Amino acid sequence: MSMENHHFKAHKSRILAEIASPNPDASPKGSIDVHILPLINRLNLHDRVFTTSSCSGRVSVFLEGLKKNTKPGYSEGDTVGKAGIGGKGEGGKWLFVSHDPVDVGRKSDREVAEMVLGKEVAAETPGDERMLGLGSGDAIDFDISSATRFVHLKFEPMILHIQTSDLQTAHAILIAALSAGFRESGIMNPGLGVSSFPMVAIRCNGLAMDSIIGIVDSSSGQVKNLVNHTYLKTLLKVCNLRFEDNKRRIDTFSMHIGDALFGDGREDNEIWEDKEARKARKRQEGLKKQKELRDTM
């Protein structure tokens with residue numbers, strides 16, 4: 001076994017041991033999503049591959065944390081624990097998270113709002129003209145600034161990070177991801193060091209959705225709903241459709257991975273790569289060899 005393979009095997013064992021730990025991970029769920037577990041388990045069986053982090057896809061409602069002070073005269077200490085626009089930061093929290101489509105069909109608009117926002121916030125319906133006395137075409141206006149904290153409803157498709165022992169395997173995984181519809185996938189680290197290995201990020205921004213549905217009242221600190229219940233329910237229905245598309249892409253990617261890495265449906269176990277992938281791999285291998293030569297001089 002080469003020194004490089006030895007480093008990869010040891011690195012894989014350490015990372016998988018950490019993932020298998022009973023301690024919760026940093027995600028809101030605290031563990032690997034059951035929907036993506038078969039794919040992850042199969043990938044980790046391959047001797048040139050292992051997964052580091054993942055999410056099968058989720059719909060969430062998130063309250064932003066405190067924002068960084070962008071006014072003149074602030075000190076660096078003012079930004080500790082605080083976030084930029086859209087970030088978590090101090091006070092940021094998840095109000096609702098689901099890795100499954102949300103059952104909204106048998107619930108009233110009000111029940112859906114209470115489920116994802118809580119009863120207190122859902123009790124305020126700024127889009128209801130009868131309750132607020134608004135005329136047709138009127139709207140509620142809030143003063144906002146760089147410090148304003150918003151509540152977001154988000155749909156995020158699958159994201160998966162896969163570390164490989166070599167560029168050829170990384171390119172094979174990348175091709176499988178791109179052909180399955182995860183078009184923003186890429187190789188984050190070409191692995192130019194002796195103990196540095198390529199990391200493939202599988203992702204698709206085309207299915208992502210981010211809608212502002214609430215705001216934190218700066219005077220009271222309370223969350224105010226910005227959309228009516230019907231609109232909120234409609235957003236969740238759209239998220240459910242995206243869950244379906246996300247699952248189709250995961251299934252297609254899983255099939256392509258079976259073909260590329262495990263030889264499913266093929267007579268040999270060689271990893272297939274197209275002309276462009278081979279060209280890119282050869283270039284990266286050349287850069288790696290040049291770096292190794294420089295390090296030994």
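Colleague: What is the handedness of the crossing of α6 and α7?

Modeller: In this model, which is predicted, the crossing of α6 and α7 is right-handed. The axes of helix α6, residues 167–179, and helix α7, residues 229–262, come within 9 Å and cross at roughly 150 degrees.

Colleague: Roughly parallel or roughly antiparallel, then?

Modeller: Angles over 145 degrees count as roughly antiparallel, and α6 and α7 are therefore roughly antiparallel to each other.

Colleague: Which residues in α6 and α7 meet?

Modeller: From α6 there are T169, A172, I173, A176, A177 and S179, and these meet F253, H256, I257, A260 and L261 in α7. Sorted by class, that contact of α6 with α7 has 8 nonpolar and 3 polar residues, with no charged residues.

Colleague: Staying with α7, is L241 buried or exposed?

Modeller: L241, whose place is in helix α7, has a relative accessible area of 54%, and L241 counts as exposed because the cut-off for that class is over 50%. The C-alpha atom of L241 is separated by 8.2 Å from that of P101, although L241 and P101 are 140 residues apart along the chain.

Colleague: Changing topic, how many helices and strands does the protein chain have?

Modeller: The secondary structure comes to 8 helices and 9 strands, and of the 297 residues of the protein chain, 40% count as buried. The protein chain exposes about 16600 Å², of which carbon and sulfur atoms supply 52%.

Conventions:
Residues are numbered from 1 along each chain as its sequence is written. This is a predicted model: local features need pLDDT of at least 70, side-chain atom pairs count only at pLDDT 80 or more; totals for chains, interfaces and linings use all residues. Side-chain values use heavy atoms; hydrogens and water are left out. Axes are lines fitted to C-alpha atoms, for helices over the stretch in contact, and angles run from 0 to 180 degrees between N-to-C directions. Helices (H or I, at least four residues) and strands (E, at least two) are DSSP runs, numbered from the N terminus. Angles under 35 degrees count as roughly parallel, over 145 as roughly antiparallel, 65 to 115 as roughly perpendicular and the rest as oblique. A crossing is left-handed if the near helix is turned anticlockwise from the far one by less than a right angle, and right-handed if clockwise. Contact means heavy atoms within 4.5 Å. Ala, Val, Leu, Ile, Met, Phe, Trp, Tyr, Cys and Pro count as nonpolar, Asp, Glu, Lys and Arg as charged, and the others, Gly among them, as polar. Buried means under 20% relative accessible area, exposed over 50%, partly exposed in between (1.4 Å probe, protein chains only). Accessible areas come from the Shrake-Rupley method with a 1.4 Å probe; for residues, only the protein chains shown count as cover.
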